[in-house]
Amino acid sequence: MVQQTARAIRDDIAQGRASASDVCRAFLERTQALNPTLNAFNHVAADRALARAKAIDAQRAAGASLGPLAGVPIALKDNMSVRGMRTTASSKILDTYVPVYDATVVQRLEAAGAVILGKTNCDEFAMGSSNENSAYGPVRNPWATDRTPGGSSGGSAAAVAARCVPVALGSDTGGSVRQPGSFCGVIGLKPTYGRVSRYGLLAFASSLDQIGPLGRTAADAALVLSVIAGADPCDATTAREPVPDFSAALTGDVKGVRIGVPRTFMADGVDPAVLRAVDDALATLNSAGATVVDVELPHAKYAIPVYYLVATAEASSNLARYDGVKYGHRADDAKTLREMYSRSRDEGFGPEVKRRIMLGTYVLSAGYYDAFYLKALQVRTLLRRDYEQAFEKVDVVAMPTAPTPAFRLGDKTDDPLQMYLADIFTVSAPLAGLPAISVPCGFADGLPIGLQLTGRFFDESMLLRIADAYERVTDWSRQSPAI
Amino acid sequence: MIFEPVIGLEIHAQLRTRTKIFCGCSTAFGAPPNSQVCPVCLGMPGALPVLNRQAVDYAIKAALALGCDIQAGSIFARKNYFYPDLPKGYQISQYERPLALRGGLEITVEGRTTLVGLTRIHMEEDAGKSLHEGFHDSDRRTYVDYNRSGVPLIEIVSEPDMRSAAEGAEFFSRLRDILVWLGVNDGNMEEGSLRCDANVSVRPVGQEAFGTKAEVKNVNSFRYLQKALEYEIERQIAVIEGGGRVLQETRLWDSATDRTHSMRSKEEAHDYRYFPEPDLPPLVVDAARIEAVRASMPMLPAERKQRFVAAYGLSEYDAGVLTQSVELADYFEAVAAESKRAKLAANTISGVVMFMLKDRNMTIDEFPVRPPDLSTLLVLLDTNVISNTVAKDVLGKMVESGRDPREIVQTEGLAQNSDEESLLSIIRRVIAGNGDAVAQYRAGKAQTFGFLVGQVMKGSGGTANPRLATELLKRELSNT
């Protein structure tokens with residue numbers, strides 16, 4: 001049962017071959033068995049999930065029409081608001097926080113019949129690339145439990161890879177869906193900025209954050225994206241762009257698709273095994289009918305500093321609301337307002353979050369704003385132009401999702417700069433606002449490798465179509481970790 | 001040395017929308033604490049702002065009325081600072097690119113007319129309210145009411161074009177009139193719908209360069225503003241004359257002591273770390289929208305006043321009084337049209353009606369005598385059916401009872417008496433009954449005549465035709 005894709009589960013339930021309750025129980029059992037090892041979940045909402053599964057079964061028994069995700073278990077990164085369900089962003093400062101409202105994605109998922117199994121572990125406030133910045137401890141990679149699952153949506157990626165859920169939602173700011181997707185051997189899709197509502201997503205960097213699906217197949221990612229995408233009156237940054245039927249784009253055909261590869265940008269610092277896997281994947285796509293050409297992204301090499309200026313600036317402001325006044329952790333016995341603020345935040349935030357708040361505060365400070373923040377915005381524009389120029393020649397840009405396979409827990413925790421460099425290939429798509437996907441494309445010493453494809457604005461269909469066609473001619477996506 | 005003050009004002013005006021600027025919560029004043037709140041205006045994790053269209057239209061309306069250029073693209077920005085009544089840790093405002101730039105407002109003080117320039121008008125959200133008093137544990141705790149959090153405001157920033165406390169107060173007052181006239185602000189300063197901060201400096205007369213300014217906060221009435229400016233000007237002059245230097249600082253007006261005191265120095269000033277609000281797209285206002293707002297605007301008070309002078313031949317003073325609010329001006333025009341006696345309508349409304357409104361603490365909308373009835377009364381007066389005195393009495397009765405003026409005049413027999421015979425009999429009674437006064441008059445004390453006229457009017461129950469009564473009284477006094 002737990003090996004099934006979301007689509008198969010949905011169809012089985014709809015056609016009476018399985019009950020939503022049985023499906024829910026099977027995945028809950030798997031989750032409860034593996035979570036002590038993986039630490040992928042911050043919170044498993046078993047009773048709530050079973051009650052909802054039962055409701056789906058009742059709906060079906062009554063002959064009511066079922067939603068496109070009816071009975072499909074799903075896990076949500078713990079930075080999405082679910083009314084009445086503890087939502088911590090893996091931060092001590094929100095250890096006891098229970099939202100009073102549902103995120104738009106939650107409303108849409110539940111309206112489509114999805115069954116939320118629980119909230120997944122992540123880097124605190126989605127800040128990190130290894131899931132080690134969590135107040136609830138690191139998540140372990142199902143393929144090798146001494147390795148990180150990537151981050152920040154490490155729990156969601158690990159949960160999907162370990163078959164605790166068929167699909168999950170993560171949020172991607174600088175690669176937080178795609179990089180853990182790559183490390184855990186699953187599909188991770190970051191939609192175009194504005195494609196999916198951020199209402200109810202605990203903000204890290206508002207101009208970059210985007211919720212995206214993780215799944216084992218492109219078809220499942222397409223299915224979930226179709227449900228959560230679309231304009232939202234509660235999020236002024238969502239686009240009015242019509243939402244196509246992403247599943248319909250999965251033709252299995254890549255004939256005539258033009259793939260650009262920024263060779264110069266990939267020249268340094270990429271693990272040879274990763275490069276080999278990516279080249280093999282491109283050769284496979286080429287033999288399936290796609291053309292592969294070189295493109296240039298001259299400003300991509302500045303993407304890391306630009307990203308860490310923009311993202312931290314926004315984060316420093318977004319995290320100001322965690323002040324101990326209204327919700328979340330408040331220091332005991334503070335004598336003054338200032339002391340309440342500084343101690344609540346000092347006790348509540350972890351070291352990486354503090355580092356980024358300080359960096360962002362500095363970036364926005366009088367006298368530095370022009371030199372750092374404004375300059376970063378200018379380079380961001382140049383980067384977007386690089387892609388625009390590339391898309392005059394090609395339909396997608398391909399590169400590795402991450403320069404290495406999953407690294408060991410603890411490997412980079414003492415060196416934040418090394419950790420930031422792990423994002424080199426993922427930060428430019430969100431800076432440009434473009435959609436990007438990570439597709440499993442091989443293994444190195446038993447560790448998954450991801451191929452990243454970046455597409456035109458709102459052209460998730462193209463990304464999913466290529467990923468799906470690639471899945472059909474390879475078997476990387478059907479591999480399952482031994483855990 | 002003679003000093004000259006230089007004053008610029010920053011005025012925050014609450015826009016009269018039904019709901020808040022970034023969410024659907026009510027803006028009604030006076031609700032129980034934290035009863036008009038939601039995830040957005042409470043700054044709950046993950047909540048996002050969505051701009052209220054009506055608030056934008058009101059802001060555009062105010063900006064147009066104040067002669068500003070509406071910007072085709074303006075940008076919301078975050079002003080970052082920590083305070084418990086600021087739920088998100090930042091205020092959404094506008095900074096580098098405000099909604100409107102450049103404008104002006106003409107004021108006249110002591111015969112001197114000045115065009116006070118406006119630097120900008122921008123939109124922003126209000127913060128909540130800290131409650132430091134009134135709770136059993138107020139010595140240890142502060143409570144916060146977020147009902148006001150997210151209420152839409154415009155901030156109107158003037159150029160430093162005012163040169164006296166009186167000009168400052170007049171500017172604030174004229175601005176209020178216009179905002180209220182437009183219907184974008186309720187003008188209620190007690191409820192904080194209109195608030196003012198003043199930038200004040202002094203310099204020796206003739207010096208071009210500005211002196212160091214102090215910002216005076218919390219001056220929320222015309223009277224306080226004038227007093228605060230006067231105090232601050234005197235204080236700064238005294239500092240300089242005493243050999244000191246004015247410090248750049250923020251000062252707070254204390255209406256209990258009529259003084260300003262230092263709140264924070266320049267060194268302690270916040271670095272607000274403004275940056276563009278990533279949760280809101282740029283505010284784009286196209287020409288069609290500006291025109292639609294312009295079309296919905298009432299004629300401005302100054303314009304309407306001039307029209308009243310030209311079209312109805314009113315005095316500048318009466319026209320000014322009648323254009324204090326749209327409602328009052330509309331009321332006047334309705335009466336003028338219906339009675340076809342514009343000047344009489346103007347005199348009556350700007351005189352006795354205004355007095356009655358003030359006396360009863362009413363607005364013209366609440367005045368029970370509606371234009372048709374007042375028109376009838378004015379026609380009765382102007383056609384000599386009733387006298388001026390009677391007209392006032394009848395109006396009083398109309399206000400109290402809502403009765404028709406014709407009916408009052410008829411049932412109470414108030415129609416003017418122009419019958420010579422009956423007037424003469426009253427006059428003879430008065431002459432007979434006031435021998436002393438008559439004697440004094442005849443001895444040359446002319447003032448006594450007025451007293452005697454009054455007695456005749458009284459004797460007629462106010463109905464005597466005064467012109468005729470005076471004539472007849474004079475004749476009778478000289479006859480006998």
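**Salt bridges and sheet**

Tutor: A network of salt bridges links A:Arg198, A:Asp235, B:Arg78, B:Glu277 and B:Asp279. Please keep in mind that this is a predicted model.

Student: Which residue does A:Asp78 form a salt bridge with?

Tutor: A:Asp78 pairs with A:Lys119, and their closest N and O atoms are 3.2 Å apart.

Student: What about A:Asp395 and A:Arg456, where do they lie?

Tutor: Their side chains meet in a salt bridge, at 3.3 Å from N to O. The pair links distant parts of the chain, 61 residues apart: A:Asp395 is in the loop between α12 (369-393) and β9 of chain A, and A:Arg456 is in the loop between β11 and α15 (460-473) of chain A. A:Asp395 counts as buried at 9% relative accessibility, while A:Arg456 counts as partly exposed at 26%.

Student: Now chain B. What does B:Arg341 pair with?

Tutor: B:Arg341 forms a salt bridge with B:Asp382, with 2.5 Å between the closest N and O atoms. B:Arg341 lies in the loop between α7 (326-339) and α8 (342-360) of chain B and B:Asp382 in helix α9 (residues 371-382) of chain B, so parts 41 residues apart in sequence are tied together. B:Arg341 is partly exposed at 23% relative accessibility, and B:Asp382 is partly exposed at 43%.

Student: Changing topic: in what order do the strands of the open sheet in chain A come?

Tutor: Eleven strands form this open sheet, in the order β1-β3-β2-β4-β6-β5-β10-β11-β9-β7-β8 (chain A), with mixed pairing. The edge strands, each pairing on one side only, are β1 (41-44) and β8 (291-294) of chain A. From one strand to the next, the twist averages 30°.

Student: How do β5 and β10 of chain A run?

Tutor: They run antiparallel, and three bridges join β5 (residues 187-190) to β10 (residues 436-444) of chain A. In β10(A), A:Ala436 is the bridge partner of A:Lys190.

Student: Which strands does helix α8 of chain A lie across?

Tutor: Helix α8 (residues 272-287) of chain A lies across β7 (258-261), β8, β9 (396-400), β10 and β11 (447-455) of chain A, and runs at about 55° to β11(A).

Technical notes. Residues numbered from 1 in each chain as written. Chains lettered and ligands numbered in written order. Predicted model: local features only at pLDDT ≥ 70, side-chain atom pairs only at ≥ 80, totals over all residues. Heavy atoms only, no water. Pairing = 2+ DSSP bridges. Helix = DSSP H or I, 4+ residues; strand = E, 2+ residues; numbered from the N terminus. Axes fitted to C-alpha atoms, helices over the stretch in contact; angles between N-to-C directions. Contact = heavy atoms within 4.5 Å. Salt bridge = Lys/Arg side-chain N within 4 Å of Asp/Glu carboxyl O. Buried < 20%, exposed > 50% of the residue type's maximum accessible area, 1.4 Å probe, protein only.
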